[in-house]
Amino acid sequence: MDPVIYENLKRIRFEVGEAKARYRKPEDTVRIMAVTKTVPYERVNTVIDDGITLLGENRVQEYLEKKDHYRSGAEVHFIGRLQTNKVKYIIDSVKLIHSLDSMKLAEEIDRQAAKKGICMDVLAEVNIGGEESKSGAPESEVRQLICEASQLKNIKIRGLMTIPPVGKSEESFEKMQRLFCDLRSDKPDNVDMDILSMGMSSDYALAVKYGSNIVRIGSGIFGSRK
Ligand SMILES: *Cc1c(COP(=O)(O)O)cnc(C)c1O
């Protein structure tokens, strides 16, 4: 085990635990995802050895090159921008797709999942800051996207994901928590609103405060990316 990674994980677990103890119900769980982009598989395996059970993948090609080298014991979620023509490469090895942002993508995930005879869990990604450069559906269109995508037989909406604008984490997380709770109380058919994926290296403790149950951490675990 790399001593730096070991210390990083120890600190992150401690801080997540503190935020949870302070702001959340005892029965809530918050999972720590290790985001693996640019990280060689050997280093990814050291965090699996240290008990991390959740990996986040951004890039299809990089994931395909690394996945057979990963130690067993961790589930993989796809968190990056997903082109429709790449869905077929990841459909049977990832457990959850965090980046659903259009019906075109929903239809392709549904089609590929049907071929494999599975139902794919997905999160609707929300562009909470309304930024041009960011992926995700605009906040005003998320409800519609969820309603339409939930009609597809081989997709199950499980919640929401976001990447907030730089410097606006707290207000964004607060908005997301409200949206998540509103959608949850709407109880749309065939939707389970139980996962809120938000918080990265710089703001994960804050995300826990506002109801996140998956924090996605890359550089905070593995060090800065080249
Ligand atoms: C890279 C990335 C992360 C992790 O970012 P860090 O700042 O390195 O923790 C989380 N979520 C997504 C979608 C990412 O692309």
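Tutor: Start with a term: helices (H or I, at least four residues) and strands (E, at least two) are DSSP runs, numbered from the N terminus. This is a predicted model, in which local features need pLDDT of at least 70 and side-chain atom pairs count only at pLDDT 80 or more, while totals for chains, interfaces and linings use all residues. Residues are numbered from 1 along each chain as its sequence is written, and side-chain values use heavy atoms, with hydrogens and water left out.

A pocket is an open set of points on a 1 Å grid over the protein atoms alone, where a 1.4 Å probe fits, with protein on both sides within 12 Å along at least five of seven lines. Lining residues have an atom within 4 Å of a point. A volume is the space filled by probe spheres set on the points.

The largest pocket has a volume of about 510 Å³. Its lining has 24 residues, and Arg24, Thr29, Asp194, Ile195 and Asn213 are the closest to the centre. β3 (75–78), α7 (169–186) and β8 (191–197) each give at least two lining residues. α7 gives the largest share, four residues. By type, the lining has eight nonpolar, five polar and eleven charged residues. Here Ala, Val, Leu, Ile, Met, Phe, Trp, Tyr, Cys and Pro count as nonpolar, Asp, Glu, Lys and Arg as charged, and the others, Gly among them, as polar.

Now the second largest pocket, with a volume of about 300 Å³. It is lined by 18 residues, and Lys37, Asn58, Ile163, Met200 and Arg225 lie nearest its centre. The ligand takes this space; a molecule sits in a pocket if more than half of its atoms lie within 2 Å of its grid points.

Around the ligand are 13 residues, with Lys37, Asn58, Ser201, Ser219 and Arg225 the closest. To be near, a residue needs a heavy atom within 4 Å. Polar contacts are pairs of N or O atoms within 3.5 Å. A polar side-chain atom of Asn58 lies 2.7 Å from a ligand oxygen atom. For Ser201 the distance is 2.4 Å, and for Arg225 2.8 Å. Alone, the ligand exposes 380 Å², and the protein buries 87% of that.

Conventions: A polar contact is a pair of N or O atoms within 3.5 Å; within protein, one must be able to donate a hydrogen and the other to accept it, and residues adjacent in sequence count only if both atoms are side-chain atoms. Accessible areas come from the Shrake-Rupley method with a 1.4 Å probe; for residues, only the protein chains shown count as cover.
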